[in-house]
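I opened this model to look up a few strands, a helix and a ligand shell. My entries follow.

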Amino acid sequence: MSLASHLLGRVTVLTGAGVSTASGIPDYRGPTARPRKRPPIDHRDFVGHASTRARYWARSMLGWPRFRSFEPNLAHQALARLEASGRVHHLITQNVDGLHQKAGSQRVLELHGSLAQVRCLACSALSHRDELQRRLLETNPRLLEWTAALQPDGDADLPDEATADFVVPECLACGGVLKPDVVFFGDNVPAPRLRQALAQADDAQTLLVLGSSLTVYSGFRFVLRARERGQRVVLVNRGPTRADELCDWKLDEDVGAALATLD
Ligand SMILES: NC(=O)c1ccc[n+]([C@@H]2O[C@H](COP(=O)([O-])OP(=O)(O)OC[C@H]3O[C@@H](n4cnc5c(N)ncnc54)[C@H](O)[C@@H]3O)[C@@H](O)[C@H]2O)c1
Ligand SMILES: [Zn+2]
């Protein structure tokens, strides 16, 4: 049976890191994932410690030019076409890379936010990451001497001595602390955004999960809820997921190849 025959009624798509691996962005848990050199950024650690923020932004300053240059792949492009043709009604992504929009998808709900945006923790002002990049480079030109290796979340690997005198820019409006507008480990998806995402999931007959191990509860909850509500759950993922036993159908295949069959 083909993927198309399993997509009944209205379709809401939930994507994860596996949709972007073909673009060159490593996932966390797939066979191509690199062993992580350090644990993911913890929200409370970031908010509570200036030294954590300095390390984060120093790595991010070196990693951002590469991260922002990644291009969408066949999976992102297929999803943009499926939106345009009306076959996919809602697209919720756990990714923070902006590649769905770059491929032309118009209605994307970024569940975990976007690395392209920066938010002030004091006044909530949003600014573009590129603008902060200019300020980071102006203030810390010597950091460029350190070579960098990209991590999945867009930061680079650096020894402590490289970041010791790093100066982190403050919010231009109020002097507050700046944070990438993404949901770090230990933080919650903002309530209005979660409500909107759940409404989009509820609106479908089929929930199609693409390239996500669903290890993170924030994504897994959509499967649990769909089950409770009697909706269909279809997975396309290479390797095991947390929902293998819960879904109606699973295709263990490359997401780009699977979506190409829907055209
Ligand atoms: N691109 C990004 O923005 C990015 C990258 C890494 C992590 N993250 C964040 O970390 C969390 C990771 O959870 P997750 O479930 O999204 O990712 P995950 O790394 O836990 O799972 C990705 C899954 O996709 C599978 N996969 C990889 N390439 C595939 C392909 N071409 N076709 C089919 N399957 C493929 C892997 O085997 C794995 O099971 C998310 O919350 C996300 O915000 C984001
Ligand atoms: Zn501010």
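I call a residue buried if 20 or more other C-beta atoms lie within 10 Å of its own, exposed if 12 or fewer, and partly exposed in between, with C-beta atoms placed from the backbone. Helices (H or I, at least four residues) and strands (E, at least two) are DSSP runs, numbered from the N terminus.

This is a predicted model: local features need pLDDT of at least 70, side-chain atom pairs count only at pLDDT 80 or more, and totals for chains, interfaces and linings use all residues. Residues are numbered from 1 along each chain as its sequence is written, while chains are lettered from A and ligands numbered from 1 in the order in which they are written.

**Strand 2.** I checked both faces of strand 2 (residues 90-93). H90 and I92 are buried on one side, L91 and T93 on the other. Strands pair if DSSP finds at least two bridges between them. I92 is the bridge partner of L14 and stands opposite L109 in strand 3.

**Helix 8.** Which residues of helix 8 are buried? I found G219, F222, V223 and A226. After helix 8 comes G230, with a positive phi near 75°.

**Ligand 1.** I counted 30 residues around ligand 1 (C-beta atom, placed from the backbone, within 6 Å). Among the closest are G16, D27 and N95.
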